[in-house]
Amino acid sequence: MAKKKLGLEDLGGFVFSTNDDFDGNEQEETNETLAPKDQYLEAHFSNKGRGGKTVTIIKGFEGSNDDLVVLGKKLKKKCGVGGSAKDGEIIIQGDDREKIMELLRKDGYNVKRVGG
């Protein structure tokens, strides 16, 4: 059975524009990563939509996706668990909020616990 196409990305990207000034070769705007002391992160706990598995989600990172991935890798390595970093969020397997918050504070980030 063929995979259902859900969005423009599944169709191969940009399809049509009515804008006369549109240049299809434009690059996405790169976000400049803020210094850790200027970042305000939130540590969330979740198990919704994951088959009952618990995860810690770090939200609020402002910067490039590459820097987000690097920070996510560091946190996963320090906690000894898996996870992912995408769409401005770092997802760490398990409920390790306290440990993650401690690591982020040591690196100079402003982080607060949100929820439960």
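Predicted model: local features only at pLDDT ≥ 70, side-chain atom pairs only at ≥ 80, totals over all residues.

Reader: Is Phe 45 buried, partly exposed or exposed?
Author: The idea is to look at the relative accessible area and compare it with two cut-offs: under 20% is buried, over 50% is exposed, and partly exposed is in between. Phe 45 has a relative accessible area of 35%, so it is partly exposed.

Reader: Which residues does Phe 45 touch, leaving aside those up to four places away in sequence?
Author: Phe 45 touches Thr 54, Val 55, Asp 95, Arg 97 and Val 114. Take Asp 95 from that list: Phe 45 and Asp 95 are 50 residues apart along the chain, yet their C-alpha atoms are separated by 6.6 Å.

Reader: What about Ser 46, buried or exposed?
Author: Ser 46 also belongs to strand 1, which covers residues 40-46. Its relative accessibility is 14%, so Ser 46 counts as buried. Not counting residues up to four places away in sequence, Ser 46 touches Lys 53, Thr 54, Val 55 and Ile 57.

Reader: How do I step back and see the order of helices and strands? What pattern does the protein follow along the sequence?
Author: Read along the sequence, the pattern is β-β-α-β-β-α-β. That gives two helices and five strands.

Reader: How should I describe two helices that pack together?
Author: Two packed helices are described by the angle between their axes and by the distance between those axes. Here helix 1 (residues 65-79) and helix 2 (residues 97-106) pack at about 125°, and their axes are 11 Å apart. That angle makes helix 1 oblique to helix 2. The crossing of the two helices is right-handed.

Reader: Which residues make the contact between helix 1 and helix 2?
Author: Helix 1 contributes Leu 71, Leu 75, Lys 78 and Cys 79, and helix 2 contributes Lys 99, Ile 100, Leu 103 and Leu 104. Sorted by class, this contact has six nonpolar residues, two charged ones and no polar ones.

Reader: Let me pick Ile 100 from helix 2. Is Ile 100 buried or exposed?
Author: Ile 100 is buried, because its relative accessible area is 0%. Leaving out residues up to four places away in sequence, Ile 100 touches Thr 56, Ile 58, Leu 75, Cys 79 and Ile 92. Thr 56 and Ile 100 are 44 residues apart in sequence, and 8.7 Å apart in space from C-alpha to C-alpha.

Reader: Now for a loop. Where does Asp 87 lie?
Author: Asp 87 lies in the loop between strand 3 (83-86) and strand 4 (89-93). Its relative accessibility is 72%, so Asp 87 counts as exposed. Look at its backbone too: phi of Asp 87 is near 55°, a positive value in a residue other than glycine.

Reader: And for the whole protein, what share of the residues count as buried?
Author: Of the 116 residues, 24% count as buried. The protein exposes about 8,600 Å², and carbon and sulfur atoms supply 47% of that area. As for contacts between residues at least 6 apart in sequence, 49% join residues at least 24 apart.

Methods: Residues numbered from 1 in each chain as written. Heavy atoms only, no water. Helix = DSSP H or I, 4+ residues; strand = E, 2+ residues; numbered from the N terminus. Buried < 20%, exposed > 50% of the residue type's maximum accessible area, 1.4 Å probe, protein only. Contact = heavy atoms within 4.5 Å. Areas by Shrake-Rupley, 256 points an atom, 1.4 Å probe, with all protein chains shown as cover. Axes fitted to C-alpha atoms, helices over the stretch in contact; angles between N-to-C directions. Parallel < 35°, antiparallel > 145°, perpendicular 65-115°, else oblique. Left-handed = near helix turned anticlockwise from the far one by under 90°. Nonpolar A, V, L, I, M, F, W, Y, C, P; charged D, E, K, R; others polar.
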